[in-house]
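Visitor: I am new to reading protein structures. Please take me through one, feature by feature.

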There are 2 protein chains.
Amino acid sequence: MATMEDIAKKLGVTKGTVSKALSGATDVSETLRKSVLETAVEVGYSRNRLPNGKKLCLFIENMAYASPSDFGYDIIIGFRQMAEPAGFSVDVVPLDTISQKDVPYEEYMLQNGYLGALLLGLSLNDPWIRQFNKSHTPAVLYDNYIQVNPSTAYVGIDNNEGMTMTVSCLKELGHTKIGYLSGALGSYINQVRYSAFFRSLRKFGLPHDQSYAGNSYYFSECLEKHLPRLLDKGVTAIICSHDLLAHTVMLRCHELGIQIPGQLSIVGFDDLPLCAYTAPPLSSIRQDRLQIGKSAFYALSSLMNGTPISTLLLHAKLIQRESIGPAPAKPASDESGTCEEQRPTVQEES
Amino acid sequence: MATMEDIAKKLGVTKGTVSKALSGATDVSETLRKSVLETAVEVGYSRNRLPNGKKLCLFIENMAYASPSDFGYDIIIGFRQMAEPAGFSVDVVPLDTISQKDVPYEEYMLQNGYLGALLLGLSLNDPWIRQFNKSHTPAVLYDNYIQVNPSTAYVGIDNNEGMTMTVSCLKELGHTKIGYLSGALGSYINQVRYSAFFRSLRKFGLPHDQSYAGNSYYFSECLEKHLPRLLDKGVTAIICSHDLLAHTVMLRCHELGIQIPGQLSIVGFDDLPLCAYTAPPLSSIRQDRLQIGKSAFYALSSLMNGTPISTLLLHAKLIQRESIGPAPAKPASDESGTCEEQRPTVQEES
């Protein structure tokens with residue numbers, strides 16, 4: 001573990017100067033302060049205890065969290081429910097690509113006196129993601145896995161299990177051709193779910209060539225290109241990588257005159273509060289977000305105490321609602337003609 | 001959550017009788033007690049709190065644990081270090097196939113008043129393994145993964161990471177043909193490591209057809225059949241699924257006149273205390289067993305508190321010792337002739 005002395009020696013200044021620079025004293029020049037921070041990161045220095053209390057940072061990106069119906073809300077609550085009684089204060093800091101380019105992760109943490117962080121919603125091309133390969137300041141990433149760094153941990157749900165449960169349930173309902181629609185594969189978790197889908201199909205002996213899935217960053221591409229293609233293949237059930245996409249697919253099916261679940265079963269992922277209120281109510285693979293927040297705090301406090309947790313996953317749960325039913329005798333494509341023909345009239349739903 | 005009343009109703013007896021049967025009172029017949037236990041398991045009853053304190057059970061099979069140099073010793077210590085200050089007593093119970101056939105897992109737990117269990121060393125064909133698909137009494141399994149049961153959790157190290165680190169390190173040392181020797185694939189963890197080996201080879205663009213690995217329950221088969229085959233293929237490094245196998249391979253190489261690491265690098269798995277004392281000292285992928293024990297208690301207490309942990313993995317660490325070195329200009333097979341020819345003189349090492 002690097003110390004303030006290591007930083008002082010490397011820069012040829014006194015330990016007192018390093019201490020002042022790290023604590024933000026005003027009699028240290030901004031240039032020196034920047035050098036101290038950069039050197040601190042370089043030698044692998046991270047704070048053990050702060051003069052002004054124990055502070056954690058919860059970074060959040062690409063994720064709504066302001067109201068109880070937002071995905072991030074309960075994760076934050078769960079994290080705070082554990083962190084605050086343990087004597088930590090928690091700052092919630094919105095993150096974007098630009099701010100990540102401005103300040104490296106570890107500099108930000110040192111500058112602001114944080115002992116560790118939980119990061120929600122980062123995608124694989126976020127600038128900080130690469131920094132986590134070598135960072136020393138404890139970081140727990142929700143739905144992102146950093147290999148070979150004992151200062152980082154991945155928390156989330158067991159997506160393989162969620163997918164297995166769903167395919168198993170659909171197979172029991174008589175579905176043999178199951179499709180998958182996914183958001184872009186530039187996120188770790190979309191990659192995990194995509195692989196999990198095909199692993200589950202293979203496990204249950206169902207047809208599983210690549211054409212049973214489609215992915216895109218754009219809802220419109222999923223609706224206009226992949227959905228008609230899956231219907232033409234004769235799928236009788238579609239799993240979607242997240243609930244908003246599943247909901248949009250249901251709306252499109254209404255337009256196409258396809259009955260859910262009579263002709264097509266739909267399952268989402270995450271079990272957002274909205275699932276109970278869609279028409280019909282949407283079946284979904286639940287992520288228990290309160291428990292994720294709590295577990296994330298456990299993982300972070302373990303990292304801070306030197307227990308190198310790599311991965312902490314919670315069991316998934318399939319919440320069955322009316323959007324799934326027995327497989328129809330004939331797939332939707334046989335009754336409504338090929339969906340391809342209807343493409344020109346399509347409007348984007350999202 | 002099923003209650004004593006559910007059991008009483010199902011059997012047509014009073015709640016008092018159920019309570020007496022569960023607490024082992026002597027005025028309940030053995031037949032009735034057995035019915036109560038079986039019904040308790042059937043309705044999914046598990047104890048919340050015991051009259052005589054909070055008891056946990058640590059089952060252990062196929063694993064030495066009596067002395068500090070044994071694999072299981074530190075796991076037990078770590079588990080106790082967390083459990084006992086939290087007010088639990090821990091019984092260590094050796095397990096075998098016969099005792100598992102005698103009493104189902106949940107009946108054993110209820111009969112003996114245990115709130116939850118940690119299970120070490122079970123293999124996939126152990127009778128209890130199948131019962132964990134539907135059990136209700138919290139169970140944490142070291143190195144065994146039970147899908148779709150929120151009352152079970154899997155703890156261990158991140159074997160994929162350990163394998164990635166090892167293959168990466170060997171590749172940096174110039175090795176391009178890497179072999180793998182494994183114990184029988186009837187254990188979950190051997191399957192995980194086997195897949196991880198090939199995943200790592202693919203990741204680093206190294207030759208990865210199935211013939212680069214060999215597995216057997218018997219050391220002799222690894223030494224007489226697979227080792228010569230790998231050497232004939234021109235491998236310059238061999239990873240073994242556990243340290244005892246790696247040690248035996250090193251001894252055999254001495255007999256064959258193959259220099260380690262001059263002609264062949266060897267890496268084990270687990271980092272048993274013996275690794276520091278072999279000739280040469282054996283590089284190995286460490287499992288931090290004390291931390292595994294501590295994490296197992298966390299997972300168990302989470303399950304007991306309703307946080308459905310599925311998987312808790314610790315970071316792996318490659319401990320580099322003298323058994324690995326730069327890849328030789330020529331593989332061992334070129335200098336010592338084909339090893340196949342020497343097969344008849346071979347004696348088993350284990």
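Guide: Start with burial. A residue is buried if 20 or more other C-beta atoms lie within 10 Å of its own, exposed if 12 or fewer, and partly exposed in between, with C-beta atoms placed from the backbone. Strands are DSSP runs of E, at least two residues long, and helices are runs of H or I, at least four long, numbered from the N terminus.

Visitor: What should I know about the model and its labels before we go on?

Guide: This is a predicted model, where local features need pLDDT of at least 70, side-chain atom pairs count only at pLDDT 80 or more, and totals for chains, interfaces and linings use all residues. Residues are numbered from 1 along each chain as its sequence is written, while chains are lettered from A and ligands numbered from 1 in the order in which they are written.

Visitor: Which residues point each way from β5(B)?

Guide: B:Thr152, B:Tyr154 and B:Gly156 point one way. B:Ala153, B:Val155 and B:Ile157 point the other way. All of them are buried. That strand, β5 of chain B, covers residues 152-157, and six of its six residues are buried.

Visitor: Which strands pair with β5(B)?

Guide: Pairing has a rule: DSSP must find at least two bridges between two strands. Strand β4 (residues 139-142) of chain B runs parallel to β5(B), with four bridges. There, B:Leu141 stands opposite B:Tyr154. β11(B) also runs parallel to β5(B), again over four bridges. In that pair, B:Ile157 stands opposite B:Leu314.

Visitor: How do I read a whole sheet?

Guide: In chain B, one open sheet has six strands in the order β7-β6-β8-β9-β10-β12, with mixed pairing. Its edge strands are β7 (213-215) and β12 (317-319) of chain B, and each pairs on one side only. On average, neighbouring strands are turned by 20 degrees against each other, direction ignored. For such angles, axes are lines fitted to C-alpha atoms, for helices over the stretch in contact, and angles run from 0 to 180 degrees between N-to-C directions.

Visitor: What joins strand β6 of chain B to β7(B)?

Guide: Three bridges do, and the two strands run parallel. β6 spans residues 178-182. B:Tyr180 stands opposite B:Ala213 in β7(B).

Visitor: Which helix lies across this sheet's strands β6, β8, β9 and β10?

Guide: Helix α11 (residues 243-256) of chain B does, running at about 155 degrees to β9(B).

Visitor: How is chain A divided?

Guide: Domain bounds come from an automatic or database domain assignment. Chain A has domain 1 (4-157 + 292-315) and domain 2 (159-287 + 318-345). Their C-alpha centres lie 37 Å apart. Residues are in contact if their C-beta atoms, placed from the backbone, lie within 7 Å. Twelve residues of domain 1 of chain A are in contact with twelve residues of domain 2 of chain A.

Visitor: What are the overall numbers for chain A?

Guide: Chain A has 13 helices and twelve strands. Its C-alpha trace spans about 80 × 40 × 35 Å along its principal axes. Of its 350 residues, 48% are buried.

Visitor: How do I describe the way two copies are related?

Guide: Two copies of a chain are related by a rotation about an axis and a shift along it. Here, a rotation of 180 degrees with 0.0 Å of shift along its axis superposes chain A on chain B, with RMSD 0.1 Å. The two copies are thus related as by a two-fold rotation axis. In chain A, the C-alpha nearest the axis belongs to A:Leu312, 2.3 Å from it. Such a superposition is by least squares on the C-alpha atoms of residues with pLDDT of at least 70 in both copies.

Visitor: In which sense do β11(A) and strand β11 of chain B pair?

Guide: They pair in the antiparallel sense, over five bridges. A:Thr311 stands opposite B:Leu313 in β11(B).

Methods. Two residues are in contact if their C-beta atoms, placed from the backbone, lie within 7 Å.
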